[in-house]
2 protein chains.
Amino acid sequence: MTAVGAALWRKLRVHQVYGANTDVGKTIVSTLLVKALSERRKVGFLKPISTGPLDEADDRHVKQFTAGSTNVLTKCLYQFGEPVSPHLAAQSRQRPEDNELLSSIYDVLSSWSSKGVENALVETAGGVHSPGPNATSQADLYRPLRLPIVLVADSRLGGISSSISAFESLLIRGYDVQSVLLFQDDYYQNHKYLDLYFSKKDIPLLAFSKPPPRPMGNVIPDSQAENQEAMEDYYSSVLKNFDIDSLLKRMEVKCERRIEDLDQMAARAHEAIWYPFTQHQGMDPKDITVIESAYGDHFQTLKTSPDADKKNESHLLQSTFDGSASWWTQGLGHGNPELALTAAHAAGKYGHVMFAGTVHKPALSLAELLLQSLGNQRLRKVFYTDNGSTGMEAAIKMALRASCLRYDWDSSTEEIKVLGLKGSYHGDTIGVMDCSEPSTYNKKVEWYRGRGHWFDFPTIGMKGAQWHVTVPDMLVQELGEGEHFESLNEVFDLDKRLRSLTGQRYTRFIKETLDKLINKHGFKFGALIMEPVILGAGGMLFADPLFQRCLVDVVRSNPDLFGYTLGSMETPTNWSGLPIIFDEVFTGLYRLGRRTSASFLGVDADISVHAKLLTGGLIPLAVTLASKEIFDAFLSCDKSDALLHGHSYTAHPIGCHVAETSVRMMMDMENRGDWGSFQKLWQMTSTSRETTGHHIWSHWSLQLIQDLSCAKNVESVFAIGSVFSISLYDETGQSGYTSTAAKGLQQKLARGQSGLSQFNVHSRVLGNVLYLMASMKSTPHDLIRIETLLRNALLG
Amino acid sequence: MTAVGAALWRKLRVHQVYGANTDVGKTIVSTLLVKALSERRKVGFLKPISTGPLDEADDRHVKQFTAGSTNVLTKCLYQFGEPVSPHLAAQSRQRPEDNELLSSIYDVLSSWSSKGVENALVETAGGVHSPGPNATSQADLYRPLRLPIVLVADSRLGGISSSISAFESLLIRGYDVQSVLLFQDDYYQNHKYLDLYFSKKDIPLLAFSKPPPRPMGNVIPDSQAENQEAMEDYYSSVLKNFDIDSLLKRMEVKCERRIEDLDQMAARAHEAIWYPFTQHQGMDPKDITVIESAYGDHFQTLKTSPDADKKNESHLLQSTFDGSASWWTQGLGHGNPELALTAAHAAGKYGHVMFAGTVHKPALSLAELLLQSLGNQRLRKVFYTDNGSTGMEAAIKMALRASCLRYDWDSSTEEIKVLGLKGSYHGDTIGVMDCSEPSTYNKKVEWYRGRGHWFDFPTIGMKGAQWHVTVPDMLVQELGEGEHFESLNEVFDLDKRLRSLTGQRYTRFIKETLDKLINKHGFKFGALIMEPVILGAGGMLFADPLFQRCLVDVVRSNPDLFGYTLGSMETPTNWSGLPIIFDEVFTGLYRLGRRTSASFLGVDADISVHAKLLTGGLIPLAVTLASKEIFDAFLSCDKSDALLHGHSYTAHPIGCHVAETSVRMMMDMENRGDWGSFQKLWQMTSTSRETTGHHIWSHWSLQLIQDLSCAKNVESVFAIGSVFSISLYDETGQSGYTSTAAKGLQQKLARGQSGLSQFNVHSRVLGNVLYLMASMKSTPHDLIRIETLLRNALLG
């Protein structure tokens, strides 16, 4: 089945007719519009689902009253006899899956488009939230198509309310309402109120006279004919007396402007926008992907046909898989109505409220939830900031203060450094840039100066269908040649590996290096900072977890190495040696398949930073969690000893409320076993002796990893949790961020598969590395299609 | 009139009954609940607005069917005869203002509370958005009370849709729906669908049998009696056969938990939260203000009664003016439904979508709007980040690159500094901390090292009813004793002042200082950074605009001073001397009454940073706007020359869409003259000769400033735009951030005025400075009340 996306054609204008309630006159409005449009053009009327007796079906009504015109096509996809909500009417009948229904609609519209139909109406059943055949609310069901809306408002008593509420429900789901029509009722005068209401939103409203009353009871032939005549007269009179043409004109202008906007957006963006992480020289508007909207795992992007083809292209948009999870943030799907409502609720209840010296429920609930559920006994306090970079700025301030205080260092006279791994990346603000070794990212930042020591380290990847530990050439003497493993479970069996020769080698090497740096070079270290398991921006480096674990263990078990201290309190939660910061901004909160990435290492950090997936992929928010002992380092009688950090929107209620909801949703998915089919695949195909209780797994299949690891231009490949990463050989000999080796593969994914089951993937590369990321809601169906694209590109 | 806020009593539980539509059985539900509750307790039923014939009024119905009970009180506040929407029914009648209506409701409930009523229902009319007597939607009208909701769902065909939409409209406005009731209709079965829907949200639903049909047409006495009997039977049967008690129990638990939560929140926050800019030592839960919700300019805060009084206190919440505009962010009111909907629409249309190499409409529209409307001819490109601090990080990276490139400096071997003013503050990330001189804020940040020169400068303030320029003691010789002025218009008449002796002195002093720093000390400067007019966090310092203007002019007209350059392109928009960064994070976008604070100085920056008010006070977002020449400094064939900065949520669609909407709303307010009453007051009372076209004005009255400036413990005072600031003498001799001189005044505002017209203000202090900030929607009514509090505290 095709991935159905937003439906937009250059020459066919489609509107979806929604009613503010049932029985508000949707079909009469449709008939009127079809009649008016068909005077000059070919018009299609589509009723996807009709309930009630066949002779009252809405498509029949339209057909009947446009019978004189050869310009009108009508179609009903599914007809259910009972005049009840489709989810009940369809109960005993063969009913289409939601996706099937969308595909059918899309196909009908496509075929109309190719037949020269210029306008089409797709009429819904009942109100905006009336359930479709599978009980999905129509507003949700039809959302992937995101057709512009004609809303038929309710002219009856109470209709002001139901019309505005229906409008709001549509807005929350990202629809654009293009016009409102309703009957004129001079007693209730809803149209006057609503006209004022909608004109403020630049949405045209047309009120027209009411139809003649419907015959009651059993319809006898005579009265049916009478009724037919009365309706004919009615339609003629409305068309004559009300200015439907100017409404249609305004709707047409909106449709045209929408397409114009899309056509111009890339060029205008090229003019006005300074893009992040982008070399603009040589950049062209065509390099900019226009995202019309997004839903689930997919962007709706503007096709980039050559100008010459534009006029002939059938539809303008394509559904593109968001393969970078929108820079690693996306977890619960684009356009998630539950998150949209959650955000709106917090906005309506608070807006933003100041957070110094105050508390509001979303901030408190989120803080408590994280402290309780991240499984780290040390963490006691939550500090809020806006993004991973600022969260890490707070973390580094916390750690440096704690160590300077304990070791009685004067940071104004001596430089306190950090310990970390080569290839780390903690954000773009200058303070946290200083936490990484000199690299492409920072070398041209005028104020950057790396302050630390960064260990080179062994990495994990699959080659030739086996998991390898690759030891950097320079370290082979100290760390050995590198092992290989049958399964990731073995790689992560740290209890066992700690006792192995490799474990001993890692430990000795780390200790000796530190000893040299501190005692020979006189370095002072104030923190150990690591991204557990995967170093993201540094190039998707899969660190040998044993090395990271040994680093933590060495630091904690050798406090005397770092400074002289007068009996700091020994508690199970107090830091030892150095405060340890885990930057889980990217790796935490299920990105790697688990609630925290620290859990893979089996150690608790003293400070832990989370962002990205925290809000499920909706808005910026970051938390820096700290132990009591870190917090205590800022206590004094002097206000200026406090952590004087805090952004204006600290702990903004919308972010906190969305984050609490998102984290709970992801926990529920974990508890319900929503990822069971992925997990099972890793257990079944795993050939290892299973020694640990928790299996390592990925949304991406182990079989794919194994197959690709044997491809000729693949250096290595891995997958863990939602992350898939593939390193390609660079024939020019370059590697890292400046390599362009992965560009070719990226382009193949972007082109994707065309034809009937068109499918393509937006991805990001980091030099010679192409990575892909699933969301927590990605379906096996979509992922298998991507896997097929990868196989075709690399093995085909 | 009292500022009506959220209504919550310790012993009286109030619910508001909303209907999913008109005629869904609200009054029957109310009657049932009242009957069930009144078996054990005193219950009140309040119908604020009733339309239709008196003998059908809902309060009468409740009264009639609870006649046997002495436990029931009923009341209707306004009765209109026509059975139409209240905004029509009330047209020809005396109708209450919205605020008056809220006050009346609050007063009735208060009096019931003191009479031992334990439960009360407030029944609305029609559907959730049915208009009140002044045409305000009820959901908006009653929002300040934010009563928990009993939603009566619609059991008819189409009722699933209208019920869910009504629920969503309530959520968007920050209401909490506590239970859902509806009739059981076995044909349409809405209750089954809705039960599933609401149980997922932990909202209990009760479906019960339908009432007997109402008599049609004119009611004759006999049938009325019959009807009465039928209804009696009906109520008895429902009470017997449906488990209303357990529903009531669940609602009761929710009410209790709400109060428990509020009572515990401060203690729990004290446990879990690490607050920004807060010394936690000696901090106590009672120092934490619990914000239950917020609306307009007001927080709803938990009263902080001593524990002993808690049991007797009448109501728990008070309406507290948000006097810091929630850390300077708030512009369009808390809980603004339009912004909530805007946020939800973007969330529904996009969620977050990645922004490197892509474009979406909200980001493009906002960028273009800002470029077009900020009135700075130089600015051509918009770079997005998440907050003021990161926006300034990007700005400093931009400026340093541009100057290093033009002057061919190697920043790895020589330190490039910035020029600025003493007391500047640009954010909490370490890079921008380095842009400020050593101070309380940064002196204990281990990695801070100020890299720049910061000019001391003359400040503006009113003393003894006159505007004074205060020259720092150390500079009196160079800059003179300082002038005084009749009006702020004169202070800002820069064309005139530039030519004056003072202007010449400022210019000479700046030039000589720079000459010495550069040519004698060998400093290299890469940027001039300023907050135009007001230096916020540095202590609300009102810089003499003439000094800031001279600084810009000197820098721009002496390019040779800063470095040697091989013929850089001379264009009217190219930077000269140094790239000039205006940090308008706080001062921009109407905070000082104008679209930009740069406009006060009459110069265009090369880089301009905006945040805070950008989203109207809803969510974090920042923009760094730059000139083409700054942008061009990053162009090259080498990717690593690009501005390698970008947060994951860069240009998040929700932020951009809300920002575009907010900026347009504020521009509309400006164009409509919404602040005319404030502006007029400054023109009328101004005694100066008016020399400039644009008057300086403030939301705070000039009369207040003049009066307070004569108070004995006031050092100086000023107001401009929405900002009011007062410096108090510190008797201990301390000044600046560590002074506690303003604490007393802060506490007086927090206590506010009690009694009938209770009113209090939440404010923030910066050492000996107390400042207040209006939102763009603050009413003269509220501001005058605050002015009265200030007068009483300082002059009384």
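Analyst: Strands (E, at least two residues) and helices (H or I, at least four residues) are DSSP runs, numbered from the N terminus, and two strands pair if DSSP finds at least two bridges between them. This is a predicted model, in which local features need pLDDT of at least 70 and side-chain atom pairs count only at pLDDT 80 or more, while totals for chains, interfaces and linings use all residues. Residues are numbered from 1 along each chain as its sequence is written, and chains are lettered from A and ligands numbered from 1 in the order in which they are written.

A residue is buried if 20 or more other C-beta atoms, placed from the backbone, lie within 10 Å of its own, exposed if 12 or fewer do, and partly exposed in between.

β5(B) pairs in the parallel sense with strand β1 (residues 13–19) of chain B, over four bridges. In that pairing B:Q16 is the bridge partner of B:I149. Four bridges also join β5(B) to strand β6 (residues 177–183) of chain B, and these two run parallel. Here B:V150 stands opposite B:S179.

A parallel pairing also links the two chains. Strand β8 (residues 289–295) of chain A pairs with strand β11 (residues 358–359) of chain B over two bridges, and A:T289 stands opposite B:T358. The contact between the chains takes 143 residues from chain A and 143 residues from chain B; two residues are in contact if their C-beta atoms, placed from the backbone, lie within 7 Å. On the side of chain A that touches chain B there are 67 nonpolar, 54 polar and 22 charged residues. Ala, Val, Leu, Ile, Met, Phe, Trp, Tyr, Cys and Pro count as nonpolar, Asp, Glu, Lys and Arg as charged, and the others, Gly among them, as polar.

The largest nonpolar core has 492 residues, and those with the most contacts inside it include A:A343, A:A344 and B:A344. Such a core is a set of buried Ala, Val, Leu, Ile, Met, Phe, Trp, Tyr and Cys residues joined through C-beta atoms within 7 Å. Neighbours within four places in sequence aside, the contacts of A:A344 include A:I172, B:L171, B:A340 and B:A344. In soluble globular proteins, nonpolar side chains tend to be buried together.

A strand of chain A gives another buried residue. A:L121 is in strand β4 (residues 119–127) of chain A and is buried because 25 other C-beta atoms lie within 10 Å. A:L33 is 88 residues from A:L121 in sequence, yet the two are 8.7 Å apart, C-alpha to C-alpha. Beyond four places in sequence, A:L121 contacts A:L33 and, among others, A:H15, A:V17 and A:F45.

Confidence comes last. pLDDT is the predictor's confidence in each residue, from 0 to 100; its mean over chain A is 93, and 94% of the residues of chain A reach 70 or more. Over residues 688–692 of chain A, however, pLDDT stays under 50. Where pLDDT is low, the predicted coordinates should not be read in detail. The model scores ipTM 0.97 and pTM 0.97.
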